[in-house]
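Welcome! Let us take a short walk through a protein model, stopping at a few places worth a look. Keep the structure in view as you read.

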Amino acid sequence: MPDVTIRLTQEQIDFFCKNGYLAIPAITTADEIEWMKEVYDRLFANKTGREEGNQFDLAGTDEDGEEAKLPQILGPARYAPELKDSLYHANAVAITQQLLGSDARYLGDHAIMKPARTGVETPWHQDEAYWDGGMVHHSLSVWMPLQDVNMENGCMQFIPSAMDVEVRPHHTINNDPRIHGLEIDELDTRSAVACPIPAGGATFHYCRTPHYTGANHSDEPRRAYILGIGTLPNMREEKRDFYWNARKHTPRDERAKAARERQQS
Ligand code: NI
């Protein structure tokens, strides 16, 4: 693990606790972004993880042979373990420990790519809505773009909110059970804040902070590499029913199930 090079100020920590998000201009070096871009593009070009359901279209019906509108890879570091040795990982964990406490640890990673000109929006959602409503979650996502991001190519936007807000009802995009991506049923977005940042900058958002990215209207892919960092989920006393997840029947889940069955036989 490389040595940590960044520490947040008390002002930045207070901002996160009040607003549920934080943007910083640099979390790693330009050199690291260059090699990461190569790894990233290779994983998407090779459709790495697709067979196991770990690469899929987040915003479409994800049929075989169809161009993905919003390709996502779950756990890219499973396929390219060198990603875990990055300065990005080291800084992201250290900063998260400042924000959430010293028992915060790396939980997982994913990559969301918006293809040039065709990449669609990622609707407003809270990350916790994707997870188990019966568990306590205390984590955040670190979102790092591998090129400059702005309103044209889909930078992050947040609704400033306290960390103890509830998870709101969600539905799958277009109410289509074949689509993985979730959207909040109703949300007032007038207080939304956009966070344009340079390549190798980062945003941090708590697992309940509503967020959104617009479509990519630029001529370059918009690459984002995201880390989940926090405490391991514990059982909740009062269960919540995240019924929107039970309604999903995605091709991704079918591929994952088939891969598990192949492994067992
Ligand atoms: Ni999200």
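Which backbone oxygen lies 2.9 Å from a polar atom of the side chain of His211? The backbone oxygen of Thr209 does. Before going further, please keep in mind that this is a predicted model.

**The metal site**

The nickel ion is coordinated at 2.1 Å by His125 through NE2, by Asp127 through OD and by His211 through NE2. Along the sequence, these donor residues follow the spacing H-x1-D-x83-H. Asp127 sits in the loop between β5 (122–125) and β6, while His211 belongs to β12 (residues 211–213), so the pair ties together parts that are 84 residues apart in sequence.

The side chains of His211 and Asp127 also make a polar contact of 3.0 Å. Leaving aside neighbours within four places in sequence, His211 is in contact with several residues, including Trp124, Met156, Phe158 and His205.

Asp127 counts as buried because its relative accessibility is 10%, and His211 counts as buried with 4%.

| Residue | Relative accessible area |
|---|---|
| Asp127 | 10% |
| His211 | 4% |
| Arg240 | 16% |
| Cys195 | 7% |
| Cys207 | 1% |

**A buried arginine**

Arg240 is found in the loop between β13 (222–235) and α5 (243–246). With a relative accessibility of 16%, Arg240 counts as buried. The side chain of Arg240 is joined to that of Glu128 by a polar contact of 2.9 Å. Not counting residues up to four places away in sequence, Arg240 also touches Asp132, His137, Val167 and Arg208, among others.

Now turn to helix α1 (residues 10–19), whose buried residues are Ile13, Phe16 and Asn19. They cover an arc of only 150° around the axis, so they lie on the same side of α1.

The buried residues of α1 pack against β1 (21–24), α4 (87–100), β6 (135–145) and β11 (202–206). On the other side of α1, Gln10, Glu11 and Lys18 are exposed. After the helix comes Gly20, which has a positive phi, near 80°.

**Aromatic rings**

How many aromatic pairs does a search of the whole structure find? The search finds seven. In one of them, the rings of Phe242 and Trp244 have centres 5.0 Å apart and planes at 20°, so this pair is stacked. Phe242 and Trp244 are both buried. Elsewhere, Phe15, Tyr21 and Phe158 form one aromatic cluster.

A disulfide is a covalent bond between the sulfur atoms of two cysteines. A search of the whole structure finds zero disulfides. Cys195 is in none, and the nearest cysteine sulfur, that of Cys155, is 7.0 Å away. For Cys207, the closest cysteine sulfur is in Cys17, at 13 Å, which is too far for a bond. Cys195 is buried, with a relative accessible area of 7%, and Cys207 is buried, with 1%.

Technical notes: Residues numbered from 1 in each chain as written. Predicted model: local features only at pLDDT ≥ 70, side-chain atom pairs only at ≥ 80, totals over all residues. Heavy atoms only, no water. Helix = DSSP H or I, 4+ residues; strand = E, 2+ residues; numbered from the N terminus. Buried < 20%, exposed > 50% of the residue type's maximum accessible area, 1.4 Å probe, protein only. Polar contact = N/O pair within 3.5 Å; in protein donor to acceptor, adjacent residues only side chain to side chain. Contact = heavy atoms within 4.5 Å. Arc of directions from axis to C-beta. Donors = N, O, S within 2.8 Å, 3.2 Å for Na, K, Ca; no water. Phe/Tyr/Trp six-rings, centres within 6.5 Å; stacked < 30°, edge-to-face > 60°. Disulfide = S-S within 2.5 Å.
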